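Me: I am new to this structure and would like to learn how to read it. Can you take me through some features, one at a time?

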Amino acid sequence: MTEHPTSHEGRRPAARPAAPADPRGALRRASGAFPVQGRPGAASTGATASADDADPGLRGSAASGAPQPAPEHGGAAPVPAPAGPGREAGGSAPEHALSDAGPDDPHRPRPVPDRRSGQPRPPGTPVAMRRDGDRLRFVGAATRRIARGIDLDEIVMGLCRASVPTFSDVILVYLRDPLPVGDERPTGPVVLRLRRTDRLRLIDEGAEDPDSDSGGLLTMTAATNQGDPVTAELCEVRTGGALAEVLRGVRPVFADSPAALAALPELLGDDPDLALPTGQRAILAPLRGRRRVIGAAVFLRRPERPAFEADDLLVAGQLATHSALGIDKAVLYGREAYIADELQRTMLPETLPRPTGVRLASRYLPAAETARVGGDWYDAIPLPGSRVALVVGDVMGHSMTSAAIMGQLRTTAQTLAGLDLPPQEVLHHLDEQAQRLGSDRMATCLYAVYDPVSHRITIANAGHPPPVLLHLGGRAEVLRVPPGAPIGVGGVDFEAVELDAPAGATLLLYTDGLVESRLRDVWTGIEQLRERLAATAQLTGPDHPPPLEALCDEVLDMLGPGDRDDDIALLAARFDGIAPSDVAYWLLDPEDAAPGRARRLARSALARWGLEELTDSVELLVSEVVTNAVRYASRPVTLRLLRTDVLRCEVGDDVPQLPRLRQARATDEGGRGLYLVNRLARRWGATRLSTGKVVWFELSHAN
């Protein structure tokens, strides 16, 4: 950590130094001594862990005395005023601060008596934290910094930054791999992985740039100084071994204790070049969560720094306890966030379909990083006759309950769409379903059905913001649709309107989070959305609509810093349509001659489209499907051929029962028609309608 000179004029706090890019930091030498730990007048004020969070006693400011000038780079640290009456010498300025002052100078620091011998210490000798108040203030500041973290990396980084350099010169944090979650009971062996390590570096080491960013995980692979250990990244805790005994004991221990002497080599690696500090300059502290040990922390001090004292074991224990409990909570929070993300992801379409005559794009944004689930949804459902249903809805609230209700309503809407009900009937059944779920289950929804053959769209609304239609020429208009009442109110009718959907136009469906916030009302937001769409269309010219994906991104860019009060669902549909020349439609009477007539009509349409290579396959499949329809129908059978990127054939009748593929026995005279369709067609299916059913199949063509 790089030292920054600070001014001690009055009680004004020093300017906050820029955080170094390297998580380890570096410490500049000042007269050959390390910073004095836990002393208000320490020279490395800008390098202390959580200096801006600690109490004033940890910040290095003078309580009285004349202002001192800031030193030049590489010079001595500024000198605070001498200690006042009743103030311990341990809280005075560092001894090396004014080495050139005269013996009678009143500002010259007084020698600090040695705690053990009682003899004065020479200037430049480091002094450890001596007062219980120093330790309490440090523990308070460190635990506050650790508690600020919400995820695993933040908590581990908080522990490292709080410990180095105030408490130790090097810290290594090992965590179980994988970390147990909640009440899980790990079955395999206990494996510890080096999660993070921070240490002080002197600028004149020259091995690395202290301000370089080396990432959150630094594995020390060489002993550059005495006290810089060579560590292993993985460690398997042997059952009944020394490390297992220390971890089971929970309490921190010095490295020179009998238990730690065997445990540390097992944790750090059995490398013969392993350089551990001698004496009480290393502490091994187990990290115990709510139910089990989840890791270990190693605190190290270099030889030129005072060794740890017995009270420092209590400090290490407090740091380890707060860090372990925070890691436990972070793991639980991560699991909950993962569940919420998975729930929201599975509630929304994984991919959008690619129906004939329309292109689709979508976006979803949660309200905030902490609100990962919400009640907004969108959907695109292929319907019989090459149509597609476009749905967007918003359940009240931002919680797991809202997401669960949204999932039930979305599933209900898909089921109702499969019945080919009109849009207003779909909303009516959704309203009944919401009332069955509870009296306070409210939601808004907009349901639209686009027909690429007729170039028309039918829309029904239940209290949702109106859609916006962007025409090919660049004009954007807000469609006038009946607002309707929200789903869940009950006892209301829904009205549908049918509008033109010209080729090249883009329909934008969205939730209120896009247009409404604390800074603007919904109609102001809708007008801003319309203007943004029109301005975006001008960039591509009147004859070329903007790309769908870029259009969605451009729409979301209109959101300002205060506009993310609600989650946002966005669905954009580009209407390409199907030209009348690519559609062939006939009515066939339910008689025995209908299959032959269907073969002739299909042959002539394929010849007109230049698809003669498909004639044999189409005639065979059309004959089989029409034969099944004529056999049970009482009204005319419909036959329609659509030419797009594939050739699609649709046969409709008034019988609601859907045909099922089955394996015909050798003695059966029938039952092989759908088997042929399944083998020859690219895709096929059957859909129930309100007036009967439609059986369809698709064939690929070279054109």
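**Salt bridges and strands**

Reply: A search of the whole structure finds 30 salt bridges. This is a predicted model: local features need pLDDT of at least 70, side-chain atom pairs count only at pLDDT 80 or more, and totals for chains, interfaces and linings use all residues. Residues are numbered from 1 along each chain as its sequence is written, and side-chain values use heavy atoms, with hydrogens and water left out.

Me: What is a salt bridge, and which residue does Asp169 meet in one?
Reply: A salt bridge is a side-chain nitrogen of Lys or Arg within 4 Å of a carboxyl oxygen of Asp or Glu. Here Asp169 meets Arg305, at 2.6 Å from N to O. The pair links distant parts of the chain, 136 residues apart. Asp169 sits in the loop between α2 (152-163) and β1 (170-176). Arg305 sits in the loop between β6 (293-300) and α5. Such helices (H or I, at least four residues) and strands (E, at least two) are DSSP runs, numbered from the N terminus.

Me: Is Asp169 buried or exposed?
Reply: Buried means under 20% relative accessible area, exposed over 50%, partly exposed in between (1.4 Å probe, protein chains only). Asp169 is buried because its relative accessible area is 0%. Arg305, at 2%, is buried too.

Me: Which residue forms a salt bridge with Arg643?
Reply: Asp582 does, and the closest N and O atoms are 2.5 Å apart. Arg643 lies in strand β18 (residues 637-643), and Asp582 in the loop between β16 and β17. They are 61 residues apart. Arg643 has 25% relative accessibility, so it counts as partly exposed. Asp582 has 15%, so it counts as buried.

Me: How do I read strand pairing, and how many bridges do β10 and β11 share?
Reply: Two strands pair if DSSP finds at least two bridges between them. Strand β10 (residues 443-451) pairs with β11 over seven bridges, in the antiparallel sense.

Me: Which other strand does β11 join?
Reply: β11 also runs antiparallel to strand β14 (residues 496-500), with five bridges. There Arg456 stands opposite Asp500. Strand β11 (residues 456-462) is mostly covered, with five of its seven residues buried.

Me: How many disulfides are there?
Reply: A disulfide is a pair of cysteine sulfur atoms within 2.5 Å. This structure holds zero. Cys445 is buried, because its relative accessibility is 0%.
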